[in-house]
Amino acid sequence: MSEYIIKNGKVYDPKTGLKGDVSDVCIKDGKIADKVSSKAKVIDAKGKTVMAGAVEIHAHVAGPKVNEGRNYRPEDKLFTYKPTGKHTRMAGGFSIPTTFKTGYEYARMGYTTVMEAAMPPLYARHVHEEIKDTPIIDEGAFPVFGNNWFVFEYLKNNEMDNVCAYISWLLKTTKGYAIKIVNPGGSEAWGWGENCTTVNDPVPYFDITPAEIVKGLLTANEQLGLPHSIHIHSNNLGNPGNIETTLATLKIAEGVRPNNKFGREQVLHHTHVQFHSYKGDSWGTFESGAKEIADYFNKNKNMTMDLGCVTLDETTTMTADGPFEHHLTSLNHLKWANVDVELETSSGIVPYVYDPNIKVCAIQWAIGLELGLLAKDPMRTFITTDHPNAGPFTRYPRIMKWLMSDKSRQDMLKGFKHSDKVIAATNLASLDRELTMFEIAQMTRAGPAKSLGLYDIFGGLAKGMDADVAIFDIDEDKIKDPEQIEKAFTAADCVFKSGTMVVENGEIISSGNKRTLWVDAKVPENKQVERDVQMKFLKFYSMTLNNYEVSNHYVPNPYVIEVDSN
Amino acid sequence: MNIVKLTLTKVSDLYLEAENISPDHFAGKTAQQIGELHVHLGNQTEKISDYFSVEGKGGATAADTKIIVSGATDKVKYIGMKMTAGEIEVLGNTDMYTAGWMAGGKIHVKGNVDSFCAIGMTGGEFIVDGNAKNYLGASYRGDWRGMMGGKITVKGNAGSDTATFMNGGTIDIGGNVDVHLATHAEGGKVIVRGNAKGRVGGQMVKGDIFVLGQVERMMPTYIYKGDEEVELDGKKQMFQVWIGDMGERHGKRKGEIIYGKIYVSSEGAAEAPVARTERKKKLTDKQLDQVKTIFKDQEPTVQQIRTYIYDTFDIDMKPMQISRLIDGIKR
Amino acid sequence: MSKTVTDVICPFCGTLCDDLVVITDDEGKKILNVENACAIGAEKFLHSSDLSHRVTRPRKLQEDGSFKEITYDEAIEYTAQMLVNAKKPSMYGWSSTNCEAQSVGHEIAEICGALVDNTAAVCHGTTLVAVQNVGIPSCTLGEVKNRADRIVFWGCNPAHAHPRHMSRYSIFPRGYFTGKGHKQRKIIVVDPRPTDTASIADVHLQVEQGYDYELLQAFRAAVRGQEITGDIIAGVPKEKVYEAAEILRSGRFGVIFFGMGVTQSLGKDHNIDAAIMLTKDLNDYTKFSIIAMRGHYNVTGSGQVLGWQFGFPYAVDLTRGFARYNPGETGTIEVLKRKEIDAMFVLGSDPGAHFPMQCVKEISNLPSVAIDPHITPTTEICKVHVPVAFVAIEVGGNCYRMDNVPIEAKKVVEPPEGMMTDTEFLKGVLKRVKELKEN
């Protein structure tokens, strides 16, 4: 296979400790090498920034609710469609890109691995069909477990071995990567139009609380030793005063130690924390709780978070938090789609316009950035927008600009219609920290990879790791205007995926050979769970058990992470 | 004002997409350069000069540019799309999307226009001397923000789905209007000087509709609130006032609910319900006998009979109806 | 000797039953029996095995109106040439084939600059338009089975069109929270006609034909306790409207199923729009969902694949190199009526039977190809007819149920000797199209 040497770039790589040191990066046979032959193609990166390919830990890019979003928002594609190119299929959709666009736009930004945030198991085949049609990037998907009837029953009865067997079976059947928990208990309550808004609200009929669900799944995750920790979207998302619920949820993980062979050091990952960091008791008294949340994360080092930054665009919200979406449509009266999935979960979609001239939206924008700026450990704080909920992932370069440039933030704050009220309700105006390029690399590459248990393969430039490399036309020491940051990270000069050049001069030149990551956790045989599964399929599911499993040809290029959980 | 004259020299076999015919695109260009601008025919890219002769040159800005289009332009789409200033005058008919997403300036079509005209309009003036088809001044599929501003005047009739999701601006129809007028409207003003077919103001949140003729059947979710004198065309007239749509949500101002309003001219009050019949597709006994005779000794397929009935009687029967017909004959 | 294949998916309607049992001969060539299927599904399986009726090779229409056999390669050549040379070709159908074939077809359409459309055009396209306006609160069919105690059939007749729907999901099953089966469900049927489905209803509202929209809006007002004008609303006495609204509000989980009675009658998408808004309003009082009774077994799948690849569920126009969408302009019936296309490619559907005659006439005037295992009214008017293997019987592939759940169909028997599958044929066309475009 091809050899490349990227010469003279300023390399930012937490894995090998390079903080902008001028260094060469060698690629051979799809991996990072320590040296290459003279036949290697030379890429001149003088004066440019070199990093590993970025790792997206949470985005809604493939599956039934994403597609419902696409199909029900033709207006999302009006006038912004990119025609078929020499190496690319046509690509459209501003807040909900088509699968082709998803692959191309991530790659252009130097992202090479992406995790689909929520996969309803009954629809897993659909998720994988879309993953298959997303070029270049390696992907995995998180099946949702927090509203699953099997999980409820086993945890209620304290049957840890059984829940572990079920989790292992479901990961294998759906070709899933990790345990995702969304609005635990609440989305099942939504099956009756109800919700769980605190960690102690019992789920109707199943009589288990969100706290018990989270605790049980957290324990199971460590018993299984999975590469990633539980990945949670806690209850009460989006409501003023919800930091109480967030802290109560995080407390469940306090003091628990991780158990795994993948270098993972956290036992809980909380996603899009911005939406869960609200103080106040109404929209009128709405204010930032970022300080309290950031303090908690700074103290408790066995947790990681991703930001969920609001980008102040017109976008589309979509989550497995069904009741929240119904609440949102009652606020903005925009079209609401909902799908409740038997025995497993629910989901909702509502378009949303984050208007900078609306006080609440501007405060939300500030909170996301505050969480990033108050974080003491960028290896445990990741940049996301919960795409497309708080904004499209194509805005990541803009978020990087805001985090790296105080001036750009102050300009935004001054430009808001309710500037004074926004400043009063947040901490952002007084935070002048500017994240460094190295810290950005931690928040977008090394940190997420490590949290996912993939730090031996992705997120770094150590010898033997996958040759996912990105070169950006920017020099940290020569930035005169923050816009340069956004421009440079929007379209990389060059991107390698598994040692193949896929982006050159900001344009896609190859569709690569993407893989699907999934986890095979081997557990002891469990006849009880087998029987339970058979029984529930026979009596309650609308599909037969034999038709449920995602067969291998939906995962044509699998990358299986094996875990011995015996 | 600089005038550019476009005369159609060739009628296309398919339909021409001519979004480049707009003062914004012609401004600052010579006739030669205008001729070089693209038009599209399916997946083919051609030039304006392939279909039009071009005389004159564009003004310095869009506002200084007037375009006169003549010839049989019935199959030309997108004239005036997204224009912000200037004028267009079309002497004949146009096809779909004329004045689409118009933001300013003026378009005057002396003939008829097809569907989706003035879609997503935000400003300017669009005048049609003839008739307009469906979705006049409507929103694009999925967009809850329809017409936001500007004025549309159609001297003839308009089709169905006029003013869908209207938010602002005015639409004035000289003739009649078909079903589903101002569905989902949240603002704006519509005047129908002829009759309105039905489903007027369905799901309307807010807005004002004036019908000077008759409403075929008022929605059951509109409530008659009595008669009132309201100003229209500069003079006060007597109208029946109907408020609704009672099945829809409504905003409040100062504690009062703001309903959508339909003003029906007291002369043309809504009459007793007229049964709405979809075009019946039934054969007369004589026609039925003819069918029986022709196919007497054969075992015809549903498709053969369907084709025969269409060719001979110009009636398009659905295959299910034909099957039932055959069963009936066999008995 | 025989073989038994279980958990077979039925390739007929949107109910997409996946519990069929098919018994084949030992060689796996002929179907002997089908269990659990409805009469129509069983017939589809058994009929496919009757090789005396199968066309096994492509045929080309001759000058004298007869058909002459040609090879698959010749058919591929004709198809590729037709698509490459057309200025605005249409590739229509896709509803009776698997997602893998649909995907290859899309690639061809993108390269050639064509329109891609599926049978939603004659069926639930109007539903898709309504969803684009107002969204859709919905659920999977298993939720109906396990929770529903209020069922509404509006403008559809599942007893005839989706025969096992009521026994598998909507009326009779005993689910987790619905142990008493149909005894704890209240059924409302809204239909101008006294259908078989109406005969099992607790309430049958015989709405005046063509006035469903008015009745739906009146229901919305009734649910909110608002005033309505008139004593008879669209053929239904006002008290009955308020009574029915109360039945719906008093339930704990309701579902509205709807079909052609409202999607293709006057108002079309507006009817569905109002029904969806009614469902949404009911969620302020109890839990309600709405599900479209999709017709073809994989029209939903076509909408899904078009969705993730291009962003629109049907009536997609790729002619300008980027996707555009506007039913009323880009839909196949419109473009045929207005004579806006110059070539027609049909796969997995029968427009010749279902389209208005004016459109059927236009198809017969154009260069045209029909890919279909059967001889149909469409194949009889197209210039080339290419037979292919039956999806879900002779070749597997992914399909999507009416509630968007993906189920993978199986191959149960071998196709006739030498017969291609949709995917194989399309891949041949794609290869040839790429060659032609290169030159």
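Which strand of chain C do 5 bridges join to β16(A), and do the two run parallel or antiparallel? The points below take this up, along with the rest of the contact between chain A and chain C.

1. This is a predicted model, in which local features need pLDDT of at least 70, side-chain atom pairs count only at pLDDT 80 or more, and totals for chains, interfaces and linings use all residues. Residues are numbered from 1 along each chain as its sequence is written, and side-chain values use heavy atoms, without hydrogens and water.

2. The strand is β8 of chain C, residues 135–139, and the two run parallel. Strands are DSSP runs of E with at least two residues, numbered from the N terminus, and helices are runs of H or I with at least four; two strands pair if DSSP finds at least two bridges between them. Within β8(C), C:Cys139 stands opposite A:Asp340.

3. Chain A brings 56 residues to the contact and chain C brings 64 residues, where contact means heavy atoms within 4.5 Å. About 5000 Å² is buried between chain A and chain C, 51% of it on carbon and sulfur atoms. Buried area is the accessible area (1.4 Å probe) that two parts lose on being put together, summed over both.

4. Between chain A and chain C there are 3 salt bridges, each a side-chain nitrogen of Lys or Arg within 4 Å of a carboxyl oxygen of Asp or Glu. One salt bridge links the side chains of A:Arg89 and C:Glu110, at 2.6 Å from N to O.

5. Elements giving two or more residues to the side of chain A that touches chain C include α1 (64–72), α10 (322–332) and α17 (527–539) of chain A. On that side β16(A) gives the most, with 6 residues.

Definitions and conventions: Chains lettered and ligands numbered in written order.
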